[in-house]
Amino acid sequence: MACSVADSGFLFLASKKRSVHSTRIGQIASTGTYCLKWESLPQISSKQKGCLIYSRKENVIQAVAVPIAPSPLDSAEERKRLSEQYGFRKIGEPLPDNVTMRDITESLPKKVFEIDDGKALKSVLISVTSYTLGLFMIAKAPWYLLPLAWAWTGTAVTGFFVIGHDCAHKSFSKNKLLEDIVGTLAFLPLIYPYEPWRFKHDRHHAKTNMLHEDTAWQPVWKEEFDSVPALRKAIILGYGPIRPWMSVAHWWLCHFNLSKFRPNEIDRVKISLGCVFAFMAIGWPLIIWKTGIIGWIKFWLMPWLGYHFWMSTFTMVHHTAPHIPFKTSDEWNAAQAQLNGTVHCDYPSWIEVLCHDINVHIPHHISPRIPSYNLRAAHQSLQENWGKYLNEASWNWRLMKTILTVCHVYDKERNYVAFDEVVPEEAQPITFLKKVMPDYA
């Protein structure tokens, strides 16, 4: 006999048992056992097609009440507590299962999808001007101010990435050939092949926070972690102290290997790789010829590492938190992953300007066709219509500390288990971060 789930949040597990005649539902015993007397239930006629014939046997359904723990995100008080613990400004409540991506997309005003070539050109001018200024600062700054010059220049060149990012999503210009040309050129100073990145990134949007399929960072799998003891320390470092530069490994491993792409993608991938190698073959020798190896480090390598800091940081802040799950394809829900599983994070204004509002990331995952210069208007609309479901933060030490010291090994029930819990004897880099990183939001 099947049993339903009661409103009280208990699951009833039933088993048949002989008992005495009764015409009522038995009283609830102190043990949590519920007795439903069969004789009181309506009998089903044998004339009814497709129905089983039940006799008037004195069968008792014994149901044992097993409490089911509610999700911590169902409680406003618990969400507030977790947001403070993790360094968030707000953790959104769970999005209902019946909400679809179409529901969310159709709630956005039409104007946020409009491409404006004038605004696109303005973003190019901002990036070119700020990058040129950064190179000038590097050339003129005394050695003790070089870190500030590198920070500015690395952030400015990240703006080139965001422009190429818009081009890849076909949200930069009405001229699609121009988009591919600008996207390829914007990626060249980063030594990033435009088409390989575009193909991989499209899959990230289609499978955001889906286990196995998402092409952005995944949690560490315990089985794989246990199977490579010689690499454990490197993995711990990669997901801990050097995680803000782990996109360097992702860049190298995922974008230069032709075997990782579909046959119909190969020709475009080869063109992008040819452009990148040509830039390296011409640009790097010119820099070294004019400024020497030290100049190559000062003018190219350090800003490039600054770019990768933002590439890694933006990616992990947007999609990594102890309460944001990665789910298998059969459990995955697009609306929940894109609206409920993506994070909006505010940064200092100069970073947001140089990076063209890429931090306003939730609307970008609702529709990648929204140009970067319309992301703020789209986010305002999402706040008005879906605000209670949004995850929002301001960039702070506690947020970064949470990601670097907690979000490591995949666990279905807890989402993540930290390295210092899995292998405490090898997790010194994580315990070190917990001691030295500030804990204020």
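## Exercise 1: A residue and its surroundings

I104 counts as buried, because its relative accessibility is 0% and buried means under 20% relative accessible area, with exposed over 50% and partly exposed in between (1.4 Å probe, protein chains only). Before going on, note that this is a predicted model, where local features need pLDDT of at least 70, side-chain atom pairs count only at pLDDT 80 or more, and totals for chains, interfaces and linings use all residues. Residues are numbered from 1 along each chain as its sequence is written, and side-chain values use heavy atoms, with hydrogens and water left out.

Task: find where I104 sits and which residues it is in contact with, leaving aside neighbours within four places in sequence.

Solution. 
1. Go to helix α2, residues 101-106, which holds I104. Helices (H or I, at least four residues) and strands (E, at least two) are DSSP runs, numbered from the N terminus.
2. Look for contacts, meaning heavy atoms within 4.5 Å. Apart from those sequence neighbours, I104 touches L95, V99, A335, L339, I366, L382 and W386.
3. Take W386 from that list. I104 and W386 lie 282 residues apart in sequence, yet their C-alpha atoms are 8.1 Å apart in space.

## Exercise 2: The whole protein

Task: describe the protein by its elements and its buried share.

Solution. 
1. Count the elements: there are 17 helices and seven strands.
2. Turn to burial: of the 441 residues, 47% are buried.

## Exercise 3: An enclosed space

Task: work out how many cavities of 30 Å³ or more there are, and what lines the largest cavity.

Solution. 
1. Apply the rule: on a 1 Å grid over the protein atoms alone, a cavity is a set of points where a 1.4 Å probe fits but cannot get out, and lining residues have an atom within 4 Å of a point. Grid points are joined across faces, edges and corners, and a volume is the space filled by probe spheres set on the points.
2. The count is six cavities of 30 Å³ or more, and the largest has a volume of about 370 Å³.
3. This largest cavity is lined by 24 residues, of which F161, W197, H201, M311 and T315 are the closest to its centre.
4. Finally, α10 gives the most to this lining, with seven residues.

Notes:
1 Å grid on protein atoms, 1.4 Å probe; cavity = no way out; pocket = protein on both sides within 12 Å on 5 of 7 lines; lining within 4 Å.
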